[in-house]
Amino acid sequence: MSLLAILLLLGVLMIASVQGYQGYSETVLNGKKYFISNSRRSVSLAKRNARCKSIGAYLVKIDDPVEHKLLVGAVYRYKRWGPFFTGITDEGSEGRYYNFNDKSPAKYLKWKYFQPDNWWGKEHCVEIWGSRLNDLNCGRRGRHICEAA
Ligand SMILES: [Ca+2]
Ligand SMILES: [Ca+2]
């Protein structure tokens with residue numbers, strides 16, 4: 001391989017590494033864009049949503065069984081450690097789940113068995129866990145999923 005070819009290849013690799021919305025991996029489901037955060041830093045629910053907004057999105061809402069299934073598939077294909085936070089929460093209204101971004105009631109909640117359990121009274125965020133949902137502590141380290149606005 002010539003030096004020029006190597007330099008070209010390096011250039012392509014560098015471009016590839018900076019692509020993808022500042023720390024997110026993009027995936028298109030049913031014609032709509034979703035973004036999974038590459039980082040597992042611990043941030044607040046509000047900060048997660050703010051990060052989504054910075055790329056023209058919001059923390060994911062799950063509206064129906066179809067969207068639920070598509071997201072479960074996307075998380076499965078991602079093949080990295082979670083947890084994977086959604087925008088669903090019951091913060092400030094225990095047991096009444098709503099979407100953080102617009103405060104609308106959560107429409108579709110397919111819980112894992114024995115969930116939500118509000119463990120130690122401290123679980124107010126919702127993650128995709130396997131093929132279902134679980135409530136967990138909002139301050140946990142983890143990724144989050146944004147949905148294009
Ligand atoms: Ca709770
Ligand atoms: Ca739980």
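UniProt positions are given here in the numbering used for this structure, with feature names shortened, and such annotations may be inferred rather than shown by experiment. The unreviewed UniProt entry carries the annotation "domain: C-type lectin" over residues 29-147. In that span the end C-alpha atoms lie 10 Å apart, and the span is 20% helix and 28% strand.

This is a predicted model, in which local features need pLDDT of at least 70, side-chain atom pairs count only at pLDDT 80 or more, and totals for chains, interfaces and linings use all residues. Residues are numbered from 1 along each chain as its sequence is written, while chains are lettered from A and ligands numbered from 1 in the order in which they are written.

Helices (H or I, at least four residues) and strands (E, at least two) are DSSP runs, numbered from the N terminus. Two strands pair if DSSP finds at least two bridges between them. Strand 1 (residues 24-29) pairs with strand 2 (residues 32-37) in the antiparallel sense over six bridges, and V28 has K33 as its bridge partner in strand 2. Two residues lie between the strands of this hairpin, where N30 takes a positive phi near 55°. Strand 2 also pairs with strand 8, antiparallel and over three bridges; here F35 stands opposite C146.

Strand 8 (residues 143-148) leads on to strand 4, with which it pairs in the parallel sense over two bridges. F84 stands opposite R143 in strand 8. Strand 4 runs antiparallel to strand 6 (residues 125-129), joined by three bridges, and F85 stands opposite E127 there. Strand 5 (residues 98-99) pairs with strand 4 over two bridges in the antiparallel sense, with Y98 as the partner of T89.

How enclosed is strand 4? A residue is buried if 20 or more other C-beta atoms lie within 10 Å of its own, exposed if 12 or fewer, and partly exposed in between, with C-beta atoms placed from the backbone. Six of the six residues of strand 4 (residues 84-89) are buried, so the strand is largely enclosed by the rest of the structure. In a regular strand the side chains alternate between the two faces of the sheet. In strand 4, F84, T86 and I88 on one side and F85, G87 and T89 on the other are all buried.

A nonpolar core is a set of buried Ala, Val, Leu, Ile, Met, Phe, Trp, Tyr and Cys residues joined through C-beta atoms within 7 Å. The largest has 25 residues, and those with the most contacts inside it are F35, L59, V60, L71, I145 and C146. Among the elements giving two or more residues to this core are strand 2, helix 3 (65-78), strand 4 and strand 8.
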